[in-house]
Amino acid sequence: MPQIAILTRPDGRNDVLAHELGAAGWQVLVLPALEILPVPVQAGQLPHPQDYDLVVFVSGNAARMYMAQLQSVAGMRAWPEATCAATVGPASARALQALPGFGNDTTVLCPPPEAPTHDSEALWNVLRARGPLPQRVLLVRGTQGRDWLAEQLANAGATVDRHAVYHRQPASWRAGAVRQLQEWAGQGMRPTWLLTSGESIAAVQREVSQAGLLDWWRASRFVVTHPALARRLAQDAGGDGPAPMVQICLPVDEAILDAFIAA
């Protein structure tokens with residue numbers, strides 16, 4: 001019986017992992033749970049990095065869309081040398097550093113690869129360990145997201161501005177993909193699903209429920225990229241402990257691949 005991986009990250013985020021899983025003998029279905037759409041901005045509403053000591057990007061998408069805004073709306077061609085950047089993990093840091101217009105010598109702070117988690121809490125530990133906290137901070141994010149890091153910085157005396165560059169909406173699954181899921185359910189197959197956010201869990205639940213597959217989905221295996229997501233699955237299933245058949249890993253392809261193999 002073949003092993004099946006279902007990758008639910010947004011378009012453009014699954015290609016490398018899908019190739020590696022395929023090479024390892026997995027059957028892969030790329031089935032994004034969410035669509036990432038840019039938020040338009042007028043020139044007078046666009047915050048400029050030179051006005052801040054630190055710009056925090058919550059994801060690679062946040063970095064790409066903010067840099068695109070700076071270039072298309074403000075005509076910026078180079079990142080200001082005096083402004084540091086930060087991300088919640090090394091994968092987002094690499095995505096930021098690869099973008100046109102971002103300086104190779106710019107300081108990018110992020111949790112190390114070996115950190116237990118790559119999230120706001122881990123980045124906060126990095127910022128505190130570095131020394132005096134920045135006084136002027138720009139948080140680049142989606143229209144929805146956690147305010148935990150912004151609250152910590154504000155409580156420490158920093159001025160924090162939030163700038164939304166994208167919004168996420170549930171993706172509608174194509175009919176052929178839904179038929180494939182129904183076929184696997186009828187055959188008693190148990191795929192392993194990659195879930196990377198609470199919003200993606202909710203979107204997947206909506207689609208599988210509409211297809212009449214919610215109970216089948218709940219009996220699947222899962223790979224999640226934060227302990228909070230495992231707790232979310234457990235709560236949705238009505239249990240108090242970790243959801244059964246869940247592997248937790250860091251949100252980088254290497255760790256995700258290892259988690260699938262271990263699932």
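A crossing of two helices is right-handed if the near helix is turned clockwise from the far one by less than a right angle. In this predicted model, the crossing of helix 4 and helix 5 is right-handed. The cavity count comes to one at 30 Å³ or more.

**Helix 4 and helix 5**

- Helix 4 spans residues 120-130 and helix 5 spans residues 148-155; their axes lie 9 Å apart, at an angle of about 30°.
- Because angles under 35 degrees count as roughly parallel, helix 4 is roughly parallel to helix 5.
- On the helix 4 side, the contact is made by Ser 120, Glu 121, Leu 123, Trp 124 and Leu 127.
- Helix 5 contributes Trp 148, Leu 149, Gln 152 and Leu 153 to the contact.
- Sorted by class, the contact of helix 4 with helix 5 holds six nonpolar, two polar and one charged residues.

**Helix 7 and helix 9**

- Helix 7 (residues 198-210) packs with helix 9 (residues 227-237) at an angle of about 35°, and the two axes are 10 Å apart.
- From helix 7, Gly 198, Ile 201, Ala 202 and Gln 205 take part in the contact.
- Their partners on helix 9 are Leu 229, Arg 232, Leu 233 and Asp 236.
- Four nonpolar, two polar and two charged residues make up the contact of helix 7 with helix 9.

**Helix 1 and helix 10**

- An angle of about 35° and an axis separation of 10 Å describe the packing of helix 1 (residues 15-23) and helix 10 (residues 253-262).
- Helix 1 supplies Val 16, Leu 17, Glu 20 and Leu 21 to the contact.
- Helix 10 supplies Asp 253, Ile 256, Leu 257 and Phe 260.
- The contact of helix 1 with helix 10 has six nonpolar and two charged residues, with no polar residues.

**Largest cavity**

- Strand 8 (residues 159-170) provides three residues, the largest share of the lining of the largest cavity.
- By class, the lining of the largest cavity divides into one nonpolar, four polar and two charged residues.

Note on methods
Residues numbered from 1 in each chain as written. Predicted model: local features only at pLDDT ≥ 70, side-chain atom pairs only at ≥ 80, totals over all residues. Heavy atoms only, no water. 1 Å grid on protein atoms, 1.4 Å probe; cavity = no way out; pocket = protein on both sides within 12 Å on 5 of 7 lines; lining within 4 Å. Points joined across faces, edges and corners; volume = space filled by probe spheres on them. Helix = DSSP H or I, 4+ residues; strand = E, 2+ residues; numbered from the N terminus. Nonpolar A, V, L, I, M, F, W, Y, C, P; charged D, E, K, R; others polar. Axes fitted to C-alpha atoms, helices over the stretch in contact; angles between N-to-C directions. Parallel < 35°, antiparallel > 145°, perpendicular 65-115°, else oblique. Contact = heavy atoms within 4.5 Å.
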